[in-house]
Every structure is written in C-alpha cells, then in structure tokens.
Amino acid sequence: MLKNTQPLGQLAALLDAELHGNENLSITGLNTLQNAKSGELAFLANPNYQKYLASTQASAVILKPDMAKGFDGNKLILNNPYLGYAKLTALFLNTSPSQGLHPSSVIHPEATVASDASIGANSVIEAGCEIGAGAVIGAGCYVGENSIIGERTHLYANVTIYHEVTIGSDSILHSSSVIGADGFGFAPDAGRWVKIHQLGGVVIGDRVEVGAGTTIDRGALDDTVIGDGVILDNQVQIAHNVRIGENSAIAGCTAVAGSTTIGRNCTISGGCCIVGHLTLVDKVHVTAMTLVTKSIRQPGAYSSGTPMSESSVWRKNAVRFGQLNTMAGRLKVLEKITKTD
Amino acid sequence: MLKNTQPLGQLAALLDAELHGNENLSITGLNTLQNAKSGELAFLANPNYQKYLASTQASAVILKPDMAKGFDGNKLILNNPYLGYAKLTALFLNTSPSQGLHPSSVIHPEATVASDASIGANSVIEAGCEIGAGAVIGAGCYVGENSIIGERTHLYANVTIYHEVTIGSDSILHSSSVIGADGFGFAPDAGRWVKIHQLGGVVIGDRVEVGAGTTIDRGALDDTVIGDGVILDNQVQIAHNVRIGENSAIAGCTAVAGSTTIGRNCTISGGCCIVGHLTLVDKVHVTAMTLVTKSIRQPGAYSSGTPMSESSVWRKNAVRFGQLNTMAGRLKVLEKITKTD
Amino acid sequence: MLKNTQPLGQLAALLDAELHGNENLSITGLNTLQNAKSGELAFLANPNYQKYLASTQASAVILKPDMAKGFDGNKLILNNPYLGYAKLTALFLNTSPSQGLHPSSVIHPEATVASDASIGANSVIEAGCEIGAGAVIGAGCYVGENSIIGERTHLYANVTIYHEVTIGSDSILHSSSVIGADGFGFAPDAGRWVKIHQLGGVVIGDRVEVGAGTTIDRGALDDTVIGDGVILDNQVQIAHNVRIGENSAIAGCTAVAGSTTIGRNCTISGGCCIVGHLTLVDKVHVTAMTLVTKSIRQPGAYSSGTPMSESSVWRKNAVRFGQLNTMAGRLKVLEKITKTD
C-alpha cells in the first residue's frame with residue numbers, strides 16, 4: 001500500500017502555520033492525538049482532547065497558540081487546527097484513480113473527452129457528452145446523451161448520469177448515486193396514473209459532493225439546480241425542480257420533495273423530510289428526523305418529533321398524545337370552574 | 001440536442017381538444033405559462049396561475065372552457081389541461097435509447113431476446129431470461145437467471161434484476177434500483193442469526209414505475225407482488241412478501257416491511273414506515289413521515305408525528321411529551337377535587 | 001428452472017430431527033402449511049397456523065414434539081421448527097452463480113484471485129486486491145485497490161467496494177450496496193466547506209449480510225467496523241467510524257451517524273436515526289422510526305414518536321403538542337389554586 005510522506009516544513013508552508021521544531025521531519029500520515037503513531041502528525045482542535053497531548057506518540061501536533069505553550073514537541077501553530085487538518089488530508093490519500101481511457105470503456109464517437117480525462121473500465125459515455133480536463137469517470141459509470149462533466153470532477157465507480165445533466169468542476173459523486181432520473185410526476189386519470197415525462201434537466205455547480213446512493217431527479221420542465229459548494233451525504237433524495245443554494249449541507253437519508261427551494265448555508269440533518277413547494281431562507285438549520293411542512297422565513301434552528309424513552313414509558317405517553325385535544329378541553333373546563341381562565 | 005416539433009393541430013387531435021387558432025403552428029416544446037418561450041405550448045391547470053395568462057410568451061395554451069374566453073391566442077380547450085399536458089410530454093423527450101444489441105453486452109445463449117429489443121453496453125442477460133418485444137435494457141444492467149422483462153419495458157442504466165423475477169409490459173425501472181434481492185429473513189439461534197435463503201420471487205405488473213435506488217425484495221417462499229399501474233418513487237424499500245394493489249403510489253424514502261398488503265389506489269407519502277404483517281384497504285392515504293403500526297380497515301387519511309417549530313420552543317414541548325402520562329393523572333386529580341369528572 | 005430434490009431422510013439427518021414416516025420421500029421444496037403442494041416440506045412454528053395442519057397438502061411437516069401427536073403424515077420432530085426450516089433453505093436455492101473468471105471482467109495483474117473464486121461479467125478488480133477461495137464477485141461489481149474479499153463471500157451484481165476495504169468470510173453483499181465511500185466530513189471555512197479526505201478504511205467481519213442499496217462509509221482516520229454476524233437490511237446508512245458489535249441487526253432505511261458505537265445483539269428497527277458520537281450497550285432494541293439522540297446505557301427497548309390516527313384527529317392533537325409547555329404551566333396554576341401541588 002502506497003503511502004505518501006511529506007516533510008513537516010512543507011506542510012507548515014502549505015497551511016501558513018508557525019513551525020516549531022524539525023522542518024525536515026518526514027510525516028507519514030495524519031491521526032488523532034490518542035491514536036497517532038511515530039511519524040504521524042496529530043491535531044488538537046477540541047479542548048476535551050487536551051488530556052492526550054502529554055502522552056501522544058505523534059511526531060508533531062497542530063494546535064492553537066494558547067495550547068502550544070505547554071507542548072515541547074514538534075508543532076504547527078494555527079488558529080484553526082481542524083481546518084488545517086482538513087486541508088492536509090488530500091496529501092495522504094492512499095488510492096490513485098486509474099488513468100487514461102480504459103480499452104473496455106464504450107465512448108460514443110460524438111462525445112468529447114478531454115485529453116487528460118480518465119474513463120474507467122466498462123463505463124459508457126453517450127453521444128454529445130463533454131468530459132472536462134482532468135475529470136475522472138470511474139469503472140461502470142454511465143453518462144447519458146449531451147451531459148457535461150466539468151473539469152477535475154470525479155465520478156466514483158457505478159455512478160449513473162442520465163441525459164442532459166450538467167455538472168460543474170471539482171465536484172465528487174460517489175457510487176450508486178443517480179443524477180437525472182425522472183421526477184415523480186403523474187396526472188391522475190380515472191383511477192390510473194398518466195406519466196408526465198420529465199423534460200427538464202439537472203444542473204449541479206462546482207465543488208459539490210454527492211454521497212453514495214443519493215438520487216437527484218431531473219426537472220419536469222425546468223431544471224433541478226444544486227448550487228456551488230453544496231454537500232449531500234449518502235442516500236439523500238432530491239426531487240424534481242428542487243433548488244439548493246450555495247454551500248448548504250444535507251445529511252444522510254433526508255428527502256426533499258418537488259419544487260422546494262432551500263437557501264444558502266443551510267444545514268439539514270439526517271432523516272428529515274421537507275415537503276414540496278416550500279421555501280427555506282438562508283441559514284436555516286433543521287435537526288434530525290424533522291418533518292418540514294411549511295416554509296421557513298427566518299434563519300434559525302427548527303425541529304419536530306418527540307424524545308426517546310424506554311418503550312414502556314413511551315407507550316403510556318404516546319397514548320396520551322392521542323388524548324391531547326381532549327385533555328386541553330378538560331383543562332379549559334377546570335380553568336372556568338376555578339375562574340383562572 | 002435534438003428536439004421534436006409538432007404541429008398544433010396534431011396535438012389537438014391527439015388530445016381530442018377543441019382548437020382555436022393556427023393548426024399549422026409548429027410547437028417546439030412544453031412549458032409553464034410564466035416560463036414559456038415563443039414556439040412553446042403552455043397549460044393553465046391551477047387557477048392561481050391565471051394571472052400569467054395575459055403576459056405569457058407561449059405560442060399556444062391548453063386551458064379549461066371557462067378560462068378560454070379571456071384568452072385570444074392559439075388555444076386548446078380541454079376539461080383537464082394538466083392531464084392534456086401529461087399526455088403530450090412523451091412527444092417532446094430529448095433522448096433516444098440506443099438500439100439493438102450492443103457488442104459489449106453479455107447475453108447467455110440460453111436467453112431469449114426479442115428481435116427488436118435493445119440490450120445496452122456492458123449489460124448482462126443470464127440463462128433462461130426472456131426479454132420482450134421493444135424492451136430496452138440500459139447500459140450496465142444485470143438480469144438474473146430465468147427472469148422475464150415484458151414488452152416495451154425500459155430498464156435505465158445500472159438496474160439489477162435478480163433471478164426468477166417477472167416484470168410486465170410498459171414498465172419503467174430507474175437506475176440503481178434492485179429487484180429480487182433477498183428478503184431480510186433470519187432465524188435466531190443462540191445469539192446468532194441463521195440465514196433463511198429466500199426462495200420466492202418478485203412479480204411486477206404492467207405500467208409500473210420504479211424509482212432510482214428503489215429496492216424490492218424477493219419473497220421468502222411466495223412471491224412479492226407489485227400490481228399493475230403502481231408507481232414507486234426513488235429510494236422506496238419494499239420488503240419480502242409485500243403485496244401492493246393496482247395504481248397505488250408510494251413517494252420517496254418510504255419503507256414497507258415484510259408481508260404487509262397495501263390495497264388499490266392508495267397514496268403513501270414520503271418518509272413513512274409501514275411495519276410488517278399489516279393490511280391497508282383500498283384508497284388509504286398516509287401523510288409524510290407517518291409510522292403505520294396497525295392495519296387500516298377504512299379508506300381515509302392517516303397521520304402521525306408532531307408539527308415543526310423553532311427548536312427552542314420545540315424542546316420545551318418535547319420535554320412535556322415525556323410527562324404526558326403524569327399530566328393526565330394530575331388532570332384527573334383536579335377533576336376529582338373540583339367534581340368535574 | 002432447476003429445482004433440487006432431497007430425500008426426507010437426508011433432511012432429517014441434516015437437522016438431527018426425529019423422522020416419522022417415509023425416509024425415501026423426495027422433497028421438491030419448502031413451503032408454508034397453507035400453500036404447500038404435494039412433494040413439499042412444510043413447517044409449523046407459530047401455533048396460530050396449527051389450524052392448517054389437518055388440511056395441508058404438504059408431503060411432510062416439521063413440527064414440535066407437542067404438536068406432532070395429532071399429525072399422522074410424514075414428519076420431522078424438532079424443538080425449533082422455524083430454525084429447522086431456516087437451515088434447509090440453502091438446499092433449495094434455484095440459482096447457481098456463474099463460475100470462473102468471465103472473459104469480460106477486468107482483473108488487474110497485481111490482484112490475487114483464488115483459483116476457485118468466480119469473477120462475473122464486466123466486473124473490475126483493482127491492483128492489490130485479494131479475492132478469497134470460493135468467493136463470488138457478481139457481474140458489474142467494482143473492487144478498489146488493496147481491498148480483501150474473504151473466502152466464500154458473495155457479492156451480488158453491481159456492488160461497489162472502494163479501496164482498502166476488508167470483508168471477512170461467508171458474508172453476503174447485495175446489489176447497489178456501496179462499501180467505503182467517503183464519510184461526510186467537512187471543515188467549515190468562512191461559509192464554505194473544506195473536504196476532509198477520508199483516510200480510514202472499512203473492516204467487515206465474517207457472516208455479515210449487507211442489504212441492497214446499503215452504504216457503509218470509510219473512516220476519517222480510523223476504520224469503520226462491522227462485527228461478525230451483523231445483518232443489515234436494505235438502504236441502511238452507516239456513517240464513518242461507526243462500530244457495530246457482533247450479531248446486531250439493523251432493519252431497512254435506518255441511518256447511524258458518525259462515530260456511534262452499537263453493542264452486540266442489538267436490534268434496530270426500520271426507519272430509525274441514531275445520531276453521532278453515541279454509545280449503545282449490548283442487547284438494546286429500538287422500535288421503528290425512533291430518533292436516538294443520547295447514549296443508551298441499559299439493555300432494553302426504546303422508542304420515540306407518536307401513534308398514528310386519522311389525519312383529522314391527529315391534526316387536533318398535533319396542534320396541542322405545540323401548546324404542551326403552556327398546558328403544563330396552566331396545570332401547575334390549577335394545582336396551586338386547589339392546593340393539590
């Protein structure tokens with residue numbers, strides 16, 4: 001297994017960090033304070049982990065100025081050690097995507113593939129596609145007619161892109177994700193469903209991440225739009241004509257129904273459902289498993305649901321939930337009698 | 001990008017609509033009133049959008065008789081404009097599935113493939129399969145032993161069909177959907193799980209739509225059965241031995257547990273869980289994120305959950321949920337004291 | 001369609017069951033009492049089905065000693081008929097995975113593949129992989145660099161394994177599952193997200209089952225770990241650095257967020273969300289659609305949510321949920337007035 005090593009001085013330069021110690025030290029990887037082995041660079045971001053600083057086996061540590069004094073080892077001093085760690089992770093990747101056009105890939109003669117793009121084994125690129133410079137299409141991927149994959153965008157293995165989908169540059173799509181399948185549009189007709197073929201596309205911006213198994217449907221007439229810098233976790237479902245503003249984040253297993261607009265810098269936790277035709281403004285935060293049934297006009301945090309308890313206790317309270325309206329009426333009667341209302 | 005154009009008179013004939021205006025007008029596409037460009041046909045179904053009628057750039061509009069009077073442009077008059085729009089969408093599709101048997105596909109010599117069926121690149125058709133007339137198997141699909149794909153049924157890229165699965169005609173399966181994986185059946189044995197190999201199959205009817213990433217498990221002994229005209233959105237999970245009646249619809253991310261029967265013309269919203277071994281009669285409607293834990297014997301609408309609010313407000317109410325049974329007891333005491341019980 | 005037949009005596013021997021009747025009887029399949037046809041072996045595990053015993057068409061029945069007296073047909077007597085049925089299912093599978101290395105598969109010269117392993121059509125095995133004895137890699141699968149697939153482990157079609165993933169022996173992974181995609185790790189930086197490349201791997205034990213569409217992310221620095229004998233249903237999401245203890249079971253559409261540890265012999269029902277950085281001890285049972293927001297230190301059953309009712313009734317109670325804290329205050333006032341507090 002190939003592992004990269006990096007001199008500590010070079011890492012300091014990359015982060016613009018103050019280095020105390022041996023700039024020639026070879027760093028073999030990144031780790032937490034408590035798990036780091038000799039040769040590794042650790043970081044101290046959360047004060048709760050300061051207790052591990054004295055005994056860490058790390059060969060160097062990234063830490064904040066105020067925590068640096070008490071540590072005599074090799075160190076990189078930064079105001080935001082967690083961000084520093086994030087920036088260094090790209091240097092220690094232990095995989096290298098295959099290069100060039102694999103002979104088993106099926107590339108339509110009317111597709112345009114940049115000379116330095118990689119097309120994996122058994123992948124299929126249809127007519128009219130444009131695959132940008134440095135883009136990586138993994139094994140078994142499918143890119144439908146007239147779709148555009150931006151520069152340096154990486155599709156891991158077995159991603160499916162339908163026709164007329166545009167993806168910007170520096171984006172990452174994980175395996176089994178599906179972009180551009182039909183939105184769930186049907187007109188009722190005497191007890192049957194008549195399919196509304198979905199004629200819009202999908203437009204995904206730059207620096208977007210799409211998790212494994214996530215699905216983003218094509219629009220009915222207009223496009224579904226995912227803004228620059230949006231990050232979607234695994235098994236997220238984005239319905240037709242949804243619009244998500246820049247740098248918003250959606251955690252795993254959340255579903256956003258059709259024609260809903262989510263603003264910028266929102267964070268939607270896992271397991272939520274946001275129903276259709278709503279608008280959420282910028283900087284809305286929704287906690288896990290919340291059902292959003294109305295538009296949210298003010299930034300802030302929103303929730304629904306009930307707290308967990310032992311099932312035996314929960315069952316008694318849950319029964320009372322079904323009596324809540326009656327209980328409210330009884331309370332009102334008592335208040336009348338006692339003249340407290 | 002290829003776009004079809006259609007003369008307005010032909011569209012009127014297809015819908016059996018009353019045409020006022022230029023029957024030779026070339027229609028280049030469909031759109032909403034507010035977004036339509038010259039050459040496009042728009043529709044007015046929802047009265048809320050009537051305000052856009054005067055200023056629409058559409059070259060023609062589908063509308064109801066009572067709304068037709070106030071519009072002087074080219075028009076198609078129909079009682080159900082939304083249904084009319086739905087029926088026309090198939091004419092304006094901007095993709096054409098590849099035709100014939102792709103040389104990179106792997107078709108077992110003991111499979112039967114209709115002469116006009118299409119088998120996409122890098123797809124695999126196993127022994128004993130029957131692929132019907134006009135069926136389209138997308139790139140990278142897998143169809144297991146003895147499975148049957150009906151006439152004109154379309155599997156988009158990267159669909160997986162296990163062995164002994166039967167799919168009717170005119171159905172659509174979207175990418176990453178999986179039909180016929182093992183149901184989740186295990187017998188406990190001294191703290192371990194003994195796998196119950198799943199010996200049943202899956203039977204899917206005609207005109208069924210299966211969304212991207214949706215999974216339908218094979219039965220334990222009998223088959224899992226999806227009725228004609230059923231529509232399943234993305235990331236729906238259908239467990240073993242479930243039976244879904246004709247023309248029922250299930251929205252995204254809903255899970256139906258094992259051996260549950262859902263009637264005809266039901267609509268189950270997104271993010272629901274329906275537990276196992278239940279029966280839902282015909283025409284049951286379940287709202288988003290509802291947990292269905294008992295059979296539903298009467299048609300109607302059903303819900304569970306709590307409404308969303310700001311997290312700070314929600315937290316206070318949620319704490320009280322855990323005290324509900326106690327509160328009910330305290331209310332009872334008060335009623336005794338005040339003799340209102 | 002190939003079906004195996006087995007002499008009844010051999011099945012009795014395999015189960016160590018007491019046989020009454022014809023040991024040479026050819027058993028053609030397994031079925032329930034009510035659906036069995038001649039030639040089939042049925043089982044009676046649940047007393048509710050005893051009513052079908054007299055009229056069953058099964059040629060033999062597995063039953064408990066106390067139920068055996070009233071049945072004169074061929075029978076296998078066992079203390080746990082359901083477990084007996086489970087153990088026999090493997091004999092009646094009606095599919096045979098293809099054998100050998102398919103010529104269309106792409107196997108890197110630096111991969112190690114056991115001589116009796118099967119590699120399906122159009123699958124891709126990258127450099128440094130080890131595919132164990134008797135392992136079956138289905139069509140269209142992808143196994144990334146340096147990943148290890150244990151002996152007799154079966155990947156169904158279109159499974160994706162990223163790099164540096166280790167899977168034990170006798171495990172089963174269903175289609176569209178994805179093991180080792182990036183965990184959802186990002187550091188905020190002035191309103192943007194900086195990707196934390198995920199440098200850990202995934203370690204999956206022996207006898208693990210992974211359902212269709214299930215995703216298990218690689219760890220940020222350490223590995224994500226799935227213990228021996230764990231069973232995961234379809235569309236389960238396991239985030240980075242989660243650890244699941246031996247023989248735990250998770251039903252469909254449940255999500256477990258990052259760095260949470262689940263003990264041994266837990267059962268998590270469908271549609272749950274377990275938030276990140278929690279610990280659940282052994283033998284915890286969580287009911288369907290529960291949101292787990294805090295660690296669980298005692299074995300037992302846990303729940304959240306509200307019961308389902310007709311939407312019209314539910315709506316009234318749900319409104320009251322939003323007034324619960326006020327109602328509690330009003331109750332307190334009443335208690336003060338009536339001096340019951």
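**Aromatic pairs, a helix crossing and some buried residues**

B:Tyr49 has a relative accessibility of 36% and therefore counts as partly exposed; buried means under 20% relative accessible area, exposed over 50%, and partly exposed in between, with a 1.4 Å probe and protein chains only. The model is predicted, so local features need pLDDT of at least 70 and side-chain atom pairs count only at pLDDT 80 or more, while totals for chains, interfaces and linings use all residues. Residues are numbered from 1 along each chain as its sequence is written, chains are lettered from A and ligands numbered from 1 in the order in which they are written, and side-chain values use heavy atoms, with hydrogens and water left out.

The aromatic rings come next. Over all chains, the structure holds 18 aromatic pairs (rings of Phe, Tyr and Trp, the last by its six-membered ring, with centres within 6.5 Å; planes under 30 degrees apart are stacked, over 60 edge-to-face, the rest tilted). One of them joins A:Tyr82 and A:Tyr85, a tilted pair with 5.8 Å between centres and 50° between planes. Why are A:Tyr82 and A:Tyr85 separated by about one helical turn? Because they are 3 residues apart in helix α3 (residues 81–89) of chain A; helices are DSSP runs of H or I with at least four residues, strands are E runs of at least two, and both are numbered from the N terminus. A:Tyr82 is partly exposed at 33% relative accessibility, whereas A:Tyr85 is buried, at 4% relative accessible area. In chain B, the rings of B:Tyr49 and B:Tyr52 form a stacked pair, 6.0 Å centre to centre with 25° between the planes. B:Tyr52, at 28% relative accessibility, counts as partly exposed. Back in chain A, ring pairs link A:Phe43, A:Tyr82 and A:Tyr85 into a cluster.

Helix α3 of chain A also takes part in a helix packing. Helix α1 (residues 8–15) of chain A packs with α3(A) at an angle of about 115°, the axes lying 10 Å apart (axes are lines fitted to C-alpha atoms, for helices over the stretch in contact, and angles run from 0 to 180 degrees between N-to-C directions). This angle makes α1(A) roughly perpendicular to α3(A) (under 35 degrees is roughly parallel, over 145 roughly antiparallel, 65 to 115 roughly perpendicular, the rest oblique). The contact (heavy atoms within 4.5 Å) is made by A:Leu11, A:Leu14 and A:Leu15 from α1(A) and by A:Gly84, A:Lys87 and A:Leu88 from α3(A).

A:Asn247, a residue other than glycine, has a positive phi near 65°. A:Asn247 sits in the loop between β29 (243–244) and β30 (249–250) of chain A and is buried at 11% relative accessible area. In chain B, B:Asn158 has a positive phi near 60°; B:Asn158 belongs to the loop between β16 (154–155) and β17 (160–161), and its relative accessible area of 6% makes it buried. For reference, most residues other than glycine have a negative phi.

Further along chain A, A:Glu335 lies in helix α5 (residues 324–337). Is A:Glu335 buried or exposed? With a relative accessible area of 7%, A:Glu335 is buried. The C-alpha atoms of A:Glu335 and A:Ile296 are separated by 35 Å, the two residues being 39 residues apart along the chain.

Finally, the chains can be compared.
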